Amino acid sequence: MGILEKISEIEKEISRTQKNKATEYHLGLLKAKLAKYRSQLLEPSKSAGAKGEGFDVMKSGDARVALIGFPSVGKSTFLSLMTATASEAASYEFTTLTCIPGVIEYKGANIQLLDLPGIIEGAAQGKGRGRQVIAVARTADVVIMMLDATKGDVQRELLEKELETVGIRLNRTKPNIYFKPKKGGGLSYNSTVPLTHCSEKLVQLILHEYKIFNAEVLFREDSTPDEFIDVLVGSRVYMPCLYVYNKVDQISIEEVDRLARRPHSVVISCGMSLNLDYLLETLWEYLALICIYTKKRGERPDFNDAIIMRRGASVEHVCHRIHRTLASQFKYALVWGTSTKYSPQRVGLTHIMEHEDVIQIVKK
């Protein structure tokens with residue numbers, strides 16, 4: 001029996017099994033087996049022959065955004081509207097067959113936008129170049145899931161399922177579980193909160209499925225068996241996702257209102273260029289980017305050339321971005337902006353910068 005057949009059997013058994021107190025251990029074990037087989041399925045086979053055309057696009061710019069969705073939802077039209085790149089768009093499916101990169105220039109930042117080929121159901125098992133598409137999506141900072149507003153919620157549910165299968169967790173944070181394998185001493189199990197989904201016996205069963213008999217496990221939140229398996233596997237990617245509903249000019253205003261009110265959702269129309277400015281603003285927030293301006297002594301700040309950093313960046317990060325030796329020669333910095341109590345404020349390397357701050361670095 002191949003891996004795909006084993007996965008199919010386990011999925012059928014999970015759907016057949018009634019969820020109650022008596023079956024929670026059995027379900028936990030099935031989920032552990034399922035996660036193990038799925039990770040085996042995603043590993044590239046060692047006997048793979050000559051490599052085909054890949055989607056290896058060099059990472060460039062200040063951030064990377066992956067544009068995924070089913071065929072013919074308007075991804076290529078969106079790329080052509082937002083960037084200077086022309087991606088072939090047509091009314092038939094699978095117009096785009098490879099990964100097409102473009103660059104969005106916004107607030108002084110260069111955001112790399114990747115137009116990926118349309119995903120079809122079963123992409124996680126490799127259908128329709130699905131694995132290559134999903135592998136590129138894992139390297140992005142934010143995923144834009146392009147959906148056809150006329151198709152309701154069907155596309156969203158199917159795409160979420162495909163991404164979940166390959167270990168991409170959308171708009172979720174990593175479970176607060178400490179896990180460390182040991183050489184001996186058996187299982188050391190503890191929790192700082194009351195647990196309603198997991199127990200020591202269930203954790204032990206899941207660990208045995210992965211041939212782990214000695215480990216330290218500490219639950220710092222009430223996590224599910226699925227979340228514990230995610231920590232155990234360790235290859236899960238947690239990333240923000242923006243659900244973009246295209247073709248809203250073809251549905252009722254009530255339906256537009258319903259979709260727009262959903263969390264992490266933006267409604268647009270590529271055909272009529274509606275709401276694209278708001279989408280860019282929201283994308284900027286999700287990427288958590290900030291602009292920092294530099295200033296030379298006795299001169300005005302240079303507002304034409306911003307340094308793009310991630311939110312939470314310190315003065316030390318700014319020094320490294322300007323020049324790798326600057327931090328070692330650093331004496332102090334003068335900062336103007338919202339991160340300071342008064343302007344200018346004399347700060348050290350650990351000071352956290354905020355959006356549109358101005359910095360002047362003084363060397364030793």
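Predicted model: local features only at pLDDT ≥ 70, side-chain atom pairs only at ≥ 80, totals over all residues.
## Overall architecture

The secondary structure of the chain consists of ten helices and 16 strands. Of the 364 residues in the chain, 45% are buried.

Among contacts with a separation of 6 or more, 64% join residues 24 or more positions apart.

Ser-339 is located in a loop that runs between strand S14, residues 330-336, and strand S15, residues 345-347. The relative accessible area of Ser-339 is 17%; because the limit for a buried residue is under 20%, Ser-339 counts as buried.

Leaving aside residues up to four places away in sequence, Ser-339 touches His-351, Ile-352, Met-353, Glu-354 and Asp-357. With one of these residues, Asp-357, there is also a polar contact: the side chains of Ser-339 and Asp-357 meet at 2.5 Å.

## Thr-77 and its position

Thr-77 belongs to helix H3, which spans residues 75-82. Is Thr-77 buried, partly exposed or exposed? Its relative accessibility is 32%, a value between the 20% and 50% limits, and Thr-77 is therefore partly exposed.

In sequence, Thr-77 and Asp-115 are separated by 38 residues. In space, the C-alpha atoms of Thr-77 and Asp-115 are 9.8 Å apart.

Conventions: Residues numbered from 1 in each chain as written. Heavy atoms only, no water. Helix = DSSP H or I, 4+ residues; strand = E, 2+ residues; numbered from the N terminus. Buried < 20%, exposed > 50% of the residue type's maximum accessible area, 1.4 Å probe, protein only. Polar contact = N/O pair within 3.5 Å; in protein donor to acceptor, adjacent residues only side chain to side chain. Contact = heavy atoms within 4.5 Å.
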